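Dear colleague,

Here is the structure I promised to pass on to you. My notes on what was found in it follow below.

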Amino acid sequence: METSVEAKALTIYYGKQVALRDITFQLGLSETLLLLGPNGAGKTTLLRTIAGFHTEYSGELRVLGKRPEEAKDLVSYVPQSHSLNEKVPLTALDVVAMGAIFRGGFLHRRIPPEIRERALKMLRFVGLESVADKLFRNLSGGQKQRVLLARALISDPKLLLLDEPLSALDPSARAEVTSVLDKIRKERRIAMIITTHDVNPLLEIGDKVMLINKRMIAFGRPDEALKDEIIKSVYGPMARAIKVEDRLYCITGDFHIHRLGREVR
Amino acid sequence: MIPEFILRAILASITISVLLGLLSPLINMKGLAFLTHALFHALLFGAVLGMILGLVLNNLSLVMVVATLVTVLIVLIIAELERFGFSPDSAVGIVASFVAGLTVLGFGVLYKVMAGRPYFPLTENVVSYLTGELFLLTKENLLTLTVFGFVILLVLILFYRDFLYISFDMEGVESYGGNSRFYLVLLYVLVGLMGSLIVQSVGLVTLQVVAVLPGAIALMVSEDLRQIVLTSLLVTLTVQLSSVVIAYFTSIPPSGIATIILGALYGALLIRK
């Protein structure tokens, strides 16, 4: 099977300290992986290692057949929007253009017309062409996340890495972002890895789920990976999976309800 | 007829305003206010070294050259520490404290050198350095300020968008194929060179204020980038020129007046907010 990401006995370090150990998985070329785990479980660390930002690891890690540092041109990383410095008065179009402008030369006084066109096309794809000239900081949380998705897509990546794209969003904004992610999955057919601590809104677009907590607890299809005993082992004895009207939900320690889908028995 | 020294002060003020008008908003947006504090230490240490060498070699024009080189070296060390994972504030803290200690040791050496040589010409240099003296600028000083100011301005304009991008999302620049380290180092070097270039006009004591406040004021009253840069430029120009006029009639150093006006303006805006 051709893979977008392949990890074998991957252990990630910060100095001498082990941050995450024993990660083994394969992700297909157009599959979506939901990476779950409580705060501090190592989700962002794994994502940043796959992105090539963090290089202290042992074991094997291949991204689109290459070492992560060599695959950067094929990968787009979408950070949590609160990690951006919104004091800088960039427009939505400026932000999207950023995803393509650095591929050519090191001087970028103006956005070239060709990149401007592509940026507008990407904004159209995420349904935000009308806000192209608005300041990024003045957009709503959901709009910001969609602009960041447009920025990630403009370089035509083969793998999209998204760090908590739904965090701090209200339910309607979550729905907006989830719908764009679904559109990317269906129309662009690229692989995605999405970290989240709330799986509920994303389960319908996830082909695979990985549960981690300093190590890999489970990996597989959502109905395989999210079982009652597995959830308990990560989120504590109060966590459980319950079935209501033929649908399964998991209640974790922080009382998020994760719907597992109709097909799960 | 305007006296020549006033004309030189006005021309220097215009050059300084254009430089700060562009750079000050970036200093604020990138969160480099603490870096300008490190400039204070770097320039003082460089000046002390330059004064020692200047006295020993009987060439006081070395003061500015040595101060510039030392300042650039120190901002490069700060940028390098950041690359190793230190936060900007930690990097500045480490370097500034080390340089402050070296400066005190340097003063000890300077006093010894001064004891054995005539040091009267140094006095003017020290005064210009500490409080800034627009009225004491020579034609050569003005020429240096204009030529190097133009070069800094040119580089700043060419890379302004890149500097905005690294201020917005440094990791994003790296992730999308940009050399974020190059842009960061270039920005730090420009800030260092700018400090070194204008210190004799605005003074070491007030350098941080004039480098930070125009941008901070502009960011408080404007949203759009063009407006921010224009406001910063107008604030600096108005304050600098006013301080020259007031200083001419009151015999108070213009840098002190400029700092007080900027502080009052910023304070008033904060209170209004």
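In chain A, strand β8 (residues 208-212) and strand β9 (residues 216-220) run antiparallel and are joined by 4 bridges, where strands are DSSP E runs of at least two residues and helices are H or I runs of at least four, numbered from the N terminus, and two strands pair if DSSP finds at least two bridges between them. A:V209 stands opposite A:G220 in β9(A), and in the hairpin of β8(A) and β9(A), with its 3 residues between the strands, A:K214 takes a positive phi near 70°.

Please bear in mind that this is a predicted model, in which local features need pLDDT of at least 70 and side-chain atom pairs count only at pLDDT 80 or more, while totals for chains, interfaces and linings use all residues. Residues are numbered from 1 along each chain as its sequence is written, and chains are lettered from A and ligands numbered from 1 in the order in which they are written.

Chain A as a whole has 7 helices and 12 strands. Its radius of gyration, taken over C-alpha atoms, is 19 Å, close to the 18 Å given for 265 residues by the globule rule (2.2 Å times the number of residues to the power 0.38), so chain A is as compact as a globular protein of that length.

As for the contact between the chains, chain B contributes 24 residues and chain A 22 residues, two residues being in contact if their C-beta atoms, placed from the backbone, lie within 7 Å. On the side of chain B that touches chain A, α6(B) gives the most, with 8 residues.

Best regards
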